[in-house]
Structure formats: structure tokens, C-alpha cells
Amino acid sequence: MPMRLRDGKENEEAAYNLPATVDPIADLDQAIADAPARIAEASSLDQLESVEGALLGKSSQVGAVRMSMGKLDPSNRPRVGAKLNEATKAIEDLLSAKRDELEAAHEERLLEDEAIDVTLEAITLPSGSLNLVQQTIDEVVDIFVGLGYKVAEGPEAELAWYNFDALNTPATHPSRWEQDTMYLDWGDPEDEVLLRTHTSPVQARWMEKNEPPVYIVVPGRCYRLDTIDATHLPVFYQIEGLAVDRDIQFGDLKGTLLHFAREFFGPQSEVRLRPHFFPFTEPSAELDVSCFNCDGGEAGCRVCGGAGWLELLGCGMVDPNVLEAVGYDPTQVSGFAFGAGPERLAMARHGINSMRHFIDNDVRFLRQF
Ligand code: DAH
């Protein structure tokens with residue numbers, strides 16, 4: 001903004017501290033001569049901008065001539081004016097050539113810096129997988145679904161009545177004491193609630209609501225007041241099986257479980273039943289499968305320890321009292337049931353020596369499955 005002097009006239013020389021121009025033509029020639037070297041020094045667009053100010057701005061040589069045009073003797077104006085235009089144009093051309101050059105170099109650098117090397121190995125995130133217990137549950141359920149069984153589920157917080165009484169296990173029964181443990185509501189026998197100790201109560205729940213025939217498998221979580229050791233977890237899984245129909249016999253139980261064992265452990269598997277006791281089945285048995293590792297022949301086998309058999313699950317023929325408790329007629333229908341622990345099944349199949357591995361969350365263990 002030009003400085004306004006006291007007499008009201010604008011005095012631009014004073015405003016910009018311009019050097020008094022002696023010979024504008026010589027000054028402009030000088031400016032033209034100096035420009036290439038000055039411009040060549042600029043190595044960035046920012047630097048070029050300040051060079052432009054220094055060469056063409058108000059305090060440059062060219063600028064000084066431009067400002068003084070008005071004070072020139074009119075006879076000199078066309079000559080100086082033409083020279084001024086020539087100098088301005090020459091310098092602008094040089095600047096613009098340099099600007100193109102710097103912009104091209106800048107683009108080039110961007111391209112290099114931002115180039116993507118498609119040959120670099122990608123960062124791959126490891127993907128998780130189902131825990132072995134869940135894999136085992138899925139596999140067992142699939143085997144029974146293949147036989148036409150339905151999948152049923154029931155509550156983990158269960159009425160004591162379904163967990164015990166409906167399964168022929170009255171309050172006075174000694175076998176109830178071992179599992180008489182984690183109560184959420186205790187006292188009035190009618191509505192005592194506990195964390196279910198097995199999946200068997202779903203047998204009673206299903207039969208109450210459905211007429212025979214019944215073919216179900218029931219996977220689910222169970223709870224017992226057990227201290228963690230190699231063969232016990234306080235929170236564990238079971239898969240219950242129940243078949244109720246006309247004329248179901250013990251041979252059906254054995255044949256079904258043999259089929260299951262051969263699907264799960266391999267076609268060479270044999271099974272054997274050992275007498276046992278469960279309140280809700282009569283007769284009751286435990287099922288063993290022949291050792292798939294040594295086939296019964298190897299002393300100190302790492303899977304069966306030389307026994308030749310692996311203990312798998314509890315089973316039996318449904319006690320008539322259970323059928324009656326849910327309103328079925330035991331003279332018309334009969335059935336078998338079984339309860340297996342997927343942790344135990346997985347341990348038997350993979351030679352896992354402790355249940356603790358299932359809850360340790362050690363990826364070296366988990367990755368193997
Ligand atoms: N509920 C039994 C337990 O937790 C397992 C079991 C045994 C289930 C025999 C059954 C059965 O259905 O028939 O030990």
C-alpha cells in the first residue's frame with residue numbers, strides 16, 4: 001500500500017525504499033543477465049517462489065523500474081517500457097520453465113515414494129479355530145444326526161426335580177449326594193435350582209413335551225464341585241443320547257454305540273459293555289472301545305497303558321420309573337440312553353494326558369487340532 005505523504009501525494013519510492021534508478025535500461029539488462037543463475041539455484045517450488053519475488057517483486061530491480069515509470073521523461077517511456085516488458089517476459093519464461101521442471105521432479109518423487117511393491121509378502125493375520133472340545137461335540141452330534149437323531153438343548157440352571165427326581169434319584173438316594181452341590185436356590189424341594197450336574201435332565205424335559213418315538217442327542221455344559229485335576233473339571237461338557245420307541249432292546253444300544261465308535265475311532269474298533277450303576281437306567285453299563293493305537297496288544301501303550309480298552313461313556317436301558325415320571329407307558333415303549341464327555345472322547349482319541357489342557361489356553365496345545 002503506497003505511503004501517503006503530508007501533501008496528499010503518493011510517494012511510492014519512499015513507500016518501498018526504492019533505490020533511485022539511474023539507468024533503467026542497464027538495470028533491466030542486468031536483471032535479465034542475473035536471472036538464469038538465480039533461478040537455477042532454486043531446488044524446490046517454495047524456493048522458486050521466493051526467487052520470483054526477488055526477481056519480479058516490488059523491491060526487485062525490475063520492480064523498481066516498474067514503479068518509476070510514471071516519473072520518467074515521457075520521451076523515454078516507450079523505450080523503457082518495451083525493455084521492461086522484455087525483461088519481465090524473459091524472467092517469467094525462465095521461472096515457468098523452472099517451475100515445470102520442479103513440478104515434474106516432485107511428481108516423480110511422489111511416484112517413487114508411494115510406489116507399492118507387489119512382490120512384498122503380505123501381512124497375514126492368524127485365523128482362530130474351534131476348540132477341540134467343540135470340534136468333538138460337533139463331530140459326535142453329526143454322527144447321530146446321520147442316524148436320524150434330533151438335537152435338543154436344556155437350561156444350565158436346572159430344577160433339582162429334572163436333575164434328580166425325574167431321573168429316579170430321590171432326595172434320599174446316596175448317588176445324589178455326590179452331585180448335590182452348586183445350588184442357586186436351595187430349600188423348598190419344589191423349586192430348588194442348581195447348576196445341572198449332567199445333561200440327563202433334558203431327557204425328562206424332552207419326553208414331557210414330545211410323544212414317542214424319541215431319538216435325540218443333547219450337547220451341553222455341566223457343573224460339579226470338583227477340584228481341577230487330570231481327569232476332572234468343575235465346568236465340563238456332556239453329550240446325552242436318548243432313544244425311546246416300541247421294542248427297543250439292549251442289542252440296539254450296543255449296535256448304535258458300536259456304529260458310533262467305528263465312526264469316531266475308526267472301522268477296526270470293537271466295543272465292550274461292563275456292568276455299572278446309574279439310577280436312571282436298568283440295567284446300566286459302561287462302554288469301552290478297543291484301543292485304536294495298540295489294538296489291545298501292547299504293554300505300556302501310550303494311549304491305553306496296556307489295558308487294550310478305553311473307557312468311554314455311561315449307558316443303559318431307560319428305567320421304567322423315568323418313563324413313568326414323564327407320562328410314558330413302560331409297557332408300550334422302552335429305550336436306551338447314554339452320556340458321554342467330549343473331553344474324555346477327545347483325550348482317548350488324541351492320547352491327551354490331562355483335562356487341564358482344555359482350559360489352559362496354551363496355543364501350542366490348541367494349534368495341534
Ligand atoms: N448322567 C451320567 C453322568 O453324568 C451319564 C449317563 C450315564 C447318562 C448313563 C445316561 C446314561 O443317559 O444312561 O455320569
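Where is the place of Ser-96? Ser-96 sits in helix H5, which spans residues 77–113. The model behind these views is predicted, with local features requiring pLDDT of at least 70 and side-chain atom pairs counting only at pLDDT 80 or more, while totals for chains, interfaces and linings use all residues. Residue numbers start from 1 along each chain as its sequence is written, and side-chain values use heavy atoms, with hydrogens and water left out.

**View 1. Ser-96 in helix H5.** Helices (H or I, at least four residues) and strands (E, at least two) are DSSP runs, numbered from the N terminus. Ser-96 counts as partly exposed because its relative accessibility is 33%; buried means under 20% relative accessible area, exposed over 50%, and partly exposed in between (1.4 Å probe, protein chains only). Lys-58 is 38 residues from Ser-96 along the chain, and the C-alpha atoms of the two are separated by 19 Å.

**View 2. Leu-310 in strand E9.** With a relative accessibility of 9%, Leu-310 counts as buried. Contact means heavy atoms within 4.5 Å. Leaving aside residues up to four places away in sequence, Leu-310 touches Leu-287, Asp-288, Val-289, Cys-291, Phe-292, Val-303, Cys-304 and Ala-348.

**View 3. The packing of helix H6 on helix H12.** Two packed helices are described by the angle between their axes and the distance between the axes. H6 (residues 132–146) and H12 (residues 342–350) pack at an angle of about 95°, and their axes are 9 Å apart. This makes H6 roughly perpendicular to H12. On the H6 side the contact is made by Leu-132, Val-133, Thr-136, Ile-137, Glu-139 and Val-140, and on the H12 side by Pro-342, Glu-343, Leu-345, Ala-346, Arg-349 and His-350. These contact residues divide into seven nonpolar, two polar and three charged. Axes are lines fitted to C-alpha atoms, for helices over the stretch in contact, and angles run from 0 to 180 degrees between N-to-C directions. Angles under 35 degrees count as roughly parallel, over 145 as roughly antiparallel, 65 to 115 as roughly perpendicular and the rest as oblique. Ala, Val, Leu, Ile, Met, Phe, Trp, Tyr, Cys and Pro count as nonpolar, Asp, Glu, Lys and Arg as charged, and the others, Gly among them, as polar.

**View 4. The buried residues of helix H9.** In H9 (residues 201–209), the buried residues are Pro-201, Val-202, Gln-203, Ala-204 and Met-207. They pack against strands E2 (157–159), E5 (214–223), E6 (235–245) and E10 (334–340), and against helices H7 (160–163) and H11 (320–325).

**View 5. The largest pocket.** The space in this pocket is about 1,000 Å³. Its lining has 42 residues, and Arg-224, Phe-236, Gln-238, Phe-278 and Glu-286 lie nearest the centre. Two or more lining residues come from each of helix H8 (174–179), E6, strand E7 (271–278), strand E8 (281–290), strand E9 (309–318), E10 and H12. E9 gives the largest share, six residues. The lining divides into 16 nonpolar, 17 polar and nine charged residues. On a 1 Å grid over the protein atoms alone, a pocket is an open set of points where a 1.4 Å probe fits, with protein on both sides within 12 Å along at least five of seven lines; lining residues have an atom within 4 Å of a point. Grid points are joined across faces, edges and corners, and a volume is the space filled by probe spheres set on the points.

**View 6. The second largest pocket.** About 230 Å³ of space lies here. The lining consists of Pro-126, Ser-127, Gly-128, Ser-129, Leu-130, Asn-131, Leu-132, Gln-135, Val-363, Leu-366, Arg-367 and Phe-369. At least two of the lining residues are supplied by each of H6 and helix H14 (363–366).

**View 7. Backbone details at Pro-213, Pro-283 and Asn-168.** Most residues other than glycine have a negative phi, and most peptide bonds are trans. Pro-212 and Pro-213 are joined by a cis peptide bond with omega about 5°, and Pro-213 lies in the loop between H9 and E5. Another cis peptide bond joins Glu-282 and Pro-283, with omega about -5°; Pro-283 lies in strand E8. Asn-168 has a positive phi, near 60°, and is found in the loop between H7 and H8.
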